[in-house]
Amino acid sequence: GHVPQLWISTTRWRIWRQLYNRSDATVASPDVWTLGIGLECARNGTWQEHCTGLHGPVNMSCDLKPRSATRCRAVLREPGFLRDFVAAGGAVVPSKLGRDAYLRAGLDHKFCIVAAGDYPNTGKYVEAIIFASRGGCVPVFIGVSPRSLAFGSVIDYRRVALWSGVSSLGSNLDLWRRWSAEQVRPMMEYARTVGKLLDYDAEGAEQALREVCRRVRIGRGPEPAMRGRVYG
């Protein structure tokens with residue numbers, strides 16, 4: 001999927017680095033190649049040329065804040081950064097996966113990686129759980145807090161997905177891919193149980209009203225943790 005510019009978030013970039021040359025993984029991104037277009041960051045640790053080349057000199061997002069510069073320097077120190085940065089520039093993915101190809105991938109693979117993108121939360125976690133509820137991939141969540149996910153009072157997200165840090169993803173996948181069907185069956189069964197709650201076949205407002213009505217029927221008011229926000 002979409003890989004944000006590194007000054008926004010490095011999470012999906014670090015995932016792409018670990019998976020792009022693995023023969024047992026499918027990695028598709030329509031824009032990771034843009035990361036490797038400008039090599040100024042790789043040369044001296046500044047983003048200006050890289051960012052300007054992508055967005056034009058008038059884009060104010062190129063004026064990096066200190067935190068962004070610190071992030072850049074941290075990424076530069078990672079082993080193999082230049083090699084992978086250049087590989088990103090050479091990646092050719094002309095477009096996003098079509099809907100049918102995306103659905104087939106979710107049903108045919110053993111794991112689906114779900115990570116924060118431009119924002120901490122992502123609707124992809126819903127799709128991954130739906131895949132699991134249909135006998136597809138087991139969700140692997142990275143950088144997504146269970147407390148930020150919808151219906152957390154009735155869904156135990158730690159029962160429906162595996163959780164990993166970015167740096168340990170590769171080793172965790174090597175471990176999990178050896179698991180038997182019996183080891184993943186409890187997650188798949190729980191996914192089938194809760195999948196109907198996350199089947200967003202209605203507009204967000206209608207889905208929110210359904211949740212409010214459900215709470216009223218069981219004698220509970222909306223919990224403060226929701227704060228009127230609907231994720232998905």
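**Helix packing and the sheet**

Guide: Helices H1 and H5 are roughly perpendicular to each other, a label given to angles of 65 to 115 degrees, whereas under 35 is roughly parallel, over 145 roughly antiparallel and the rest oblique. This is a predicted model, in which local features need pLDDT of at least 70, side-chain atom pairs count only at pLDDT 80 or more, and totals for chains, interfaces and linings use all residues. Residues are numbered from 1 along each chain as its sequence is written, and side-chain values use heavy atoms, with hydrogens and water left out.

Visitor: At what angle do H1 and H5 pack, and how far apart are their axes?

Guide: Two packed helices are described by the angle between their axes and the distance between the axes. Here H1 (residues 11–19) and H5 (residues 81–90) pack at about 90 degrees, with axes 11 Å apart. Axes are lines fitted to C-alpha atoms, for helices over the stretch in contact, and angles run from 0 to 180 degrees between N-to-C directions. Helices (H or I, at least four residues) and strands (E, at least two) are DSSP runs, numbered from the N terminus.

Visitor: Which residues of H1 and H5 meet?

Guide: Trp-13, Trp-16 and Arg-17 of H1 meet Phe-81, Asp-84, Phe-85, Ala-87 and Ala-88 of H5; contact means heavy atoms within 4.5 Å.

Visitor: Is Asp-84 buried or exposed?

Guide: Asp-84, which lies in H5, counts as buried because its relative accessibility is 2%. Buried means under 20% relative accessible area, exposed over 50%, and partly exposed in between (1.4 Å probe, protein chains only). Not counting residues up to four places away in sequence, Asp-84 touches Trp-13, Trp-16, Arg-17 and Tyr-20.

Visitor: What is the order of the strands in the sheet?

Guide: Strands of a sheet pair through backbone hydrogen bonds, either parallel or antiparallel. In this model, three strands form an open sheet in the order S1-S2-S3, with parallel pairing; two strands pair if DSSP finds at least two bridges between them. The edge strands, each pairing on one side only, are S1 (111–115) and S3 (162–163).

Visitor: How many bridges join S1 and S2?

Guide: S1 and S2 (residues 138–142) pair over five bridges. Ile-113 stands opposite Val-140 in S2, and Val-114 has Phe-141 as its bridge partner there. Four of the five residues of S1 are buried.
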